[in-house]
Amino acid sequence: MDDAERERAFQARIDAGETIEPGDWMPDAYRGQLIRMMSQHAHSEVVGTLPEGNWITRAPTLRRKQALLAKVQDEAGHGLYLYGAVETLGVTREELISSLLAGRAKYSNIFNYPTLSWADVGVIGWLVDGAAIVNQTTLTKCSYGPYSRTMIRICKEELFHERQGFELVAVLAAGTPAQREMAQSAVDRWWWPVLMMFGPPDDASPHSEQLLRWRVKVKSNDELRQWFVDLAVPQVHEIGLEVPDPGLEFDAKTGHWRTGTIDWDEFWRVIRGGGLCNRDRLAARRRAHEEGRWVREAAEAWAKKRPQ
Amino acid sequence: MSPPTADSQWPLWEVFVQEKAGAPHEHAGSVHAPDGELALQAARDVYARRGPIASLWVVESERIVATTTADAASFLEPGPEKLYRHSRFYSGPKARKSK
């Protein structure tokens with residue numbers, strides 16, 4: 001079989017709804033796109049612990065602190081699930097971590113925004129994780145077995161993140177005027193960056209078509225964004241807050257909420273390093289990696305000492 | 001700061017989780033660890049944060065021998081001609097069928 005035939009057979013498997021497993025033949029570009037997407041996803045989970053980790057010591061009650069600790073631990077765990085899944089494609093953990101620490105790897109842009117208030121912690125759980133769930137739910141049906149299985153596992157846990165976040169913001173929204181204002185301000189600051197999490201619009205997303213054909217992506221960026229907007233807008237209204245979009249309209253004919261124009265210039269500026277926290281996040285990761293070195297060394301020394 | 005490339009990459013271990021006693025162990029994912037004991041601890045932290053979990057197995061990934069999808073067609077060919085391996089090949093007592 002030559003590569004063209006192999007590729008046809010590969011596409012036929014995908015079209016038939018089959019799952020591709022690590023030992024199977026796959027086009028180099030398929031492998032490359034998966035490594036790119038899955039490693040970005042893994043890095044996002046790990047970097048995503050930082051904006052929330054900031055608030056663990058300042059959580060207002062023990063109940064909230066427990067929830068936040070558990071959530072942050074989950075995110076680190078999700079990073080590990082995903083690193084494990086990417087490794088099945090032939091990259092090593094070392095390569096993945098060192099490209100993150102060297103600043104060569106991308107992670108979700110959303111984590112380059114700062115968490116300025118306690119309400120931000122809630123909005124991250126509710127809207128940021130809510131948006132991630134929308135994306136990840138479709139990815140449970142992606143063609144690569146290890147990625148799909150990882151997504152199933154992650155989605156189960158993300159639901160708790162989303163719920164605790166919604167509850168946190170709802171409590172603030174029903175609180176004192178200052179608490180309410182804090183909640184609204186968090187929604188105002190996060191709303192647009194959250195919509196950008198789904199990536200550039202379909203007509204500016206050159207790889208999308210191929211990724212959809214390979215079922216590496218299951219729905220297009222704009223489809224996912226619309227799905228999220230339709231879920232989120234009624235939730236914002238339910239707790240008496242406003243969506244910071246004067247152009248927002250309900251289209252009764254289609255049943256969809258239509259948003260105003262997204263500022264894609266901001267998206268590209270932040271991706272290229274112009275966000276408020278890009279440098280901070282990397283510095284924190286590097287510091288954590290160095291400060292954890294003694295743990296790795298101790299584990300290794302311990303393993304060497306023990307008879308196997 | 002110099003890029004921390006000097007870290008060693010520990011062996012990979014596959015993790016199998018049993019959700020309740022008597023149920024089969026199912027593959028959950030993998031962890032890196034220098035030995036089995038630390039692999040179990042890492043597996044507990046990563047794959048058993050929410051119960052109930054009755055037991056965990058870890059096994060070094062390189063010890064696993066597996067088929068590939070390409071092999072499977074011939075290697076695991078179920079032998080459709082071997083109908084005599086199935087109960088429906090035989091006529092059983094009628095009394096049981098009515099159940």
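## A first look at chains A and B

With 19 C-beta neighbours inside 10 Å, A:Arg215 counts as partly exposed, because a residue is called buried at 20 or more such neighbours and exposed at 12 or fewer. Keep in mind that this is a predicted model.

**A:Arg215 and its loop**

- You will find A:Arg215 in the loop that runs between helix H9 (208-213) and helix H10 (221-238) of chain A.
- Its backbone is worth a look: phi of A:Arg215 is near 55 degrees, a positive value in a residue other than glycine.
- For background, most residues other than glycine have a negative phi.

**The largest nonpolar core**

- The largest nonpolar core has 74 residues.
- Within this core, the residues with the most contacts are A:Val123, A:Ala131 and A:Val169.
- Helix H6 (residues 118-139) of chain A gives the most to this core, contributing 11 residues.
- Leaving aside residues up to four places away in sequence, A:Val123 touches A:Gly165, A:Val169, A:Ala186, A:Val187 and A:Trp190.

**Chain B at a glance**

- Chain B has 3 helices and 3 strands, and from the N terminus on they follow the order β-β-α-β-α-α.
- Of the 99 residues in chain B, 17% count as buried.
- If you take the contacts in chain B between residues at least 6 apart in sequence, 42% of them join residues at least 24 apart.

**A strand pair in chain B**

- Strand E1 (residues 12-18) of chain B pairs with E2(B) in the antiparallel sense, over 6 bridges.
- To trace this pairing in the structure, look for B:Val15, whose bridge partner in E2(B) is B:Gly29.
- Strand E2 (residues 26-32) of chain B is mostly covered, with 5 of its 7 residues buried.

**Where the chains meet**

- Chain A brings 26 residues to the contact and chain B brings 20 residues.
- On the side of chain A that touches chain B, the elements giving two or more residues are helix H4 (62-87), helix H5 (93-101), helix H12 (278-291) and helix H13 (293-305) of chain A.
- H4(A) supplies the largest share of that side, 7 residues.
- Sorted by class, the side of chain A that touches chain B has 7 nonpolar, 8 polar and 11 charged residues.

Terms used: Residues are numbered from 1 along each chain as its sequence is written. Chains are lettered from A and ligands numbered from 1 in the order in which they are written. This is a predicted model: local features need pLDDT of at least 70, side-chain atom pairs count only at pLDDT 80 or more; totals for chains, interfaces and linings use all residues. Two residues are in contact if their C-beta atoms, placed from the backbone, lie within 7 Å. Helices (H or I, at least four residues) and strands (E, at least two) are DSSP runs, numbered from the N terminus. Ala, Val, Leu, Ile, Met, Phe, Trp, Tyr, Cys and Pro count as nonpolar, Asp, Glu, Lys and Arg as charged, and the others, Gly among them, as polar. Two strands pair if DSSP finds at least two bridges between them. A nonpolar core is a set of buried Ala, Val, Leu, Ile, Met, Phe, Trp, Tyr and Cys residues joined through C-beta atoms within 7 Å.
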